[in-house]
Amino acid sequence: MENLKSFLDKNIFKIIAAASHDMGVDAYVIGGYVRDRIMGRDTGGDIDIVAIGSGMDLAAKVAEKLGKKTKVNYYKNFGTAMLWHNEERELLVEFVGARKESYNRDARKPIVEDGTLEDDQNRRDFTINAMAISLQQKDFGSLLDPFDGIGDIGRKIIRTPLDPDITYSDDPLRMMRAIRFATQLDFIIEEKSFESISKNRERIKIVSGERVADELNKIILARKPSYGFKLLEQTGLLQIIFPQLVDLKGAETVDGRGHKDNFYHSLQVLDNLSENTDNLWLRWAALLHDIAKPATKRYEPKIGWTFHSHEFVGAKMVPRIFKQLKLPMNEKMRYVKKLVLLHLRPIVLSKEEITDSAIRRLLFEAGDDIDDLMMLCEADITSKNPGKVKRYLSNFKLVRKKLVEIEEKDRVRNFQPPVSGELIMETFGIRPCREVGTIKNAIKDAILDGIIPNEYEAAFGYMLKKGKELGLKPVDG
Ligand code: CTP
């Protein structure tokens with residue numbers, strides 16, 4: 001039996017061992033912590049403890065040993081308890097009693113049932129998550145690995161301890177978890193498991209959208225997210241949870257002219273971008289940037305395939321998709337929507353002669369997200385033609401250079417009009433009306449078009465001129 005005492009290097013393990021000894025209840029470290037230590041990954045600060053008895057009682061005993069200030073949360077319905085412990089960093093320790101069954105299939109509620117360690121390991125999701133390390137004095141640190149999780153780590157395989165049909169119907173979210181772990185760890189899903197996911201895919205519908213979204217986000221945050229999306233698509237899960245993405249799949253040909261497959265293109269953009277950023281929402285924008293291509297696709301005999309306005313239609317789809325996927329309906333959503341809307345702008349700019357006013361307008365609209373937008377656009381270059389790629393990239397360089405120059409000169413990135421609506425009303429002695437908006441817009445356009453500088457004096461003069469054109473007179477002049 002392998003001894004992994006060296007992984008029990010935190011003080012908390014000694015305390016748990018002492019508490020379990022006092023109570024005469026066996027306890028083991030299990031799950032992600034064991035897996036991640038064996039794999040040499042960051043454990044993320046979460047530790048799962050399984051007690052052969054009451055997990056809640058063991059948590060209470062541990063808290064007692066740690067001192068009064070220790071915060072413990074008890075979840076009676078689930079028979080679990082959590083406590084926070086500050087060691088070299090904040091650790092979240094979760095206690096659970098060993099169980100025979102994981103979930104009641106119909107009520108979708110876990111049932112608490114006393115079981116042995118082996119029962120508990122049987123009901124866990126994957127062999128690599130079912131490994132336990134003993135905290136008992138007699139064999140402190142020994143590994144209990146009944147399903148050869150260690151072997152599966154070596155073979156890079158995701159496998160369920162029991163028949164996958166049983167494991168997945170116990171908690172259908174595990175189908176997403178299988179794909180998520182495969183993506184994060186760069187593992188392969190064992191064939192039987194893969195088939196079982198395909199077969200049971202409809203059951204994902206009984207899982208809450210929030211849990212599904214958590215897994216999707218973890219897939220998106222992996223080093224190479226395309227792998228996860230391809231697995232989701234191949235198993236048929238994607239069609240159920242996010243059909244709009246599947247709609248991007250396929251390339252039609254008319255008169256011998258085809259277009260690229262936008263599903264694989266979007267995944268390639270996501271992978272490209274992921275090499276440069278861990279920003280989850282920017283990664284979402286990459287995944288969604290062409291989401292309206294199926295809805296806007298036309299074949300025009302003279303031109304070929306077009307996707308006119310897919311950026312506008314796509315931006316409009318973003319709130320609906322976020323709502324459907326239970327993603328936050330807040331500024332994160334608005335950020336993704338904005339990037340989808342603007343994703344063609346730098347490309348168009350780099351194709352045309354780059355005027356100062358076009359750059360100013362882009363800066364004005366993108367604001368502080370301009371760098372993210374540029375990163376997205378560079379990731380969007382997936383052409384196989386090296387000459388084209390080189391040309392695009394060098395044009396982008398020029399756009400970036402111009403962006404810096406113009407921003408230094410005109411400061412329009414977070415544009416605030418130098419003349420406010422109040423000042424316009426005060427100057428002409430008018431109440432809120434259409435003219436106020438007209439003058440404000442005219443000033444903004446004049447600045448962005450470079451007719452006047454982004455300064456108070458010039459804007460004030462321009463306001464007087466525009467007011468006069470509209471038949472307005474300043475009150476005291
Ligand atoms: N588990 C399970 N079935 C689930 C969720 C969790 O069997 N649907 C078990 C696994 O043994 C897992 C442990 O509970 O290792 C802890 O779950 P969780 O904290 O969600 O996952 P980790 O494995 O710790 O990995 P990560 O932190 O990356 O999510």
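Start by selecting K338 and D369: they form a salt bridge, with the closest N and O atoms 3.0 Å apart. (A salt bridge here is a side-chain nitrogen of Lys or Arg within 4 Å of a carboxyl oxygen of Asp or Glu.) K338 sits in helix α17 (residues 331-342) and D369 in the loop between α19 and α20 (370-379), so the pair ties together parts 31 residues apart in sequence. Helices (H or I, at least four residues) and strands (E, at least two) are DSSP runs, numbered from the N terminus.

This is a predicted model, in which local features need pLDDT of at least 70 and side-chain atom pairs count only at pLDDT 80 or more, while totals for chains, interfaces and linings use all residues. Residues are numbered from 1 along each chain as its sequence is written, and side-chain values use heavy atoms, with hydrogens and water left out.

Now colour by accessibility. Buried means under 20% relative accessible area, exposed over 50%, and partly exposed in between (1.4 Å probe, protein chains only). D369 is buried, at 17%. K338 is partly exposed, at 25%.

Next, select R413 and D368. Their salt bridge has its closest N and O atoms 3.2 Å apart. R413 is in the loop between α21 (386-410) and α22, D368 in the loop between α19 and α20, and the two are 45 residues apart. R413 is partly exposed at 21% relative accessibility, and D368 is partly exposed at 47%.

Go to helix α24 and pick K466 and E469. They lie 3 residues apart, about one turn of the helix. An α-helix has 3.6 residues a turn, so residues three or four places apart point the same way. The closest N and O atoms of this salt bridge are 3.0 Å apart. E469 is exposed, at 52% relative accessibility.

For a network, select D148, D152, R155 and R159, which are linked by salt bridges. The whole structure holds 32 salt bridges.

Move to helix α23, residues 434-448. Show its buried residues: V436, I439, A442, I443, A446, I447 and L448. They pack against α19 (356-366), α22 (421-428) and α24 (456-469), with contact meaning heavy atoms within 4.5 Å. G450 follows the helix, with a positive phi near 80°.

Finish at strand β5, residues 90-97, where 6 of 8 residues are buried. Strands pair if DSSP finds at least two bridges between them. β2 (residues 46-51) runs parallel to β5, joined by 6 bridges; find V50 opposite V96. β4 (residues 80-86) runs antiparallel to β5, joined by 7 bridges; find M82 opposite E94. A hairpin of 3 residues joins β4 to β5.

Conventions
Expected span 1.5 Å × (residues − 1).
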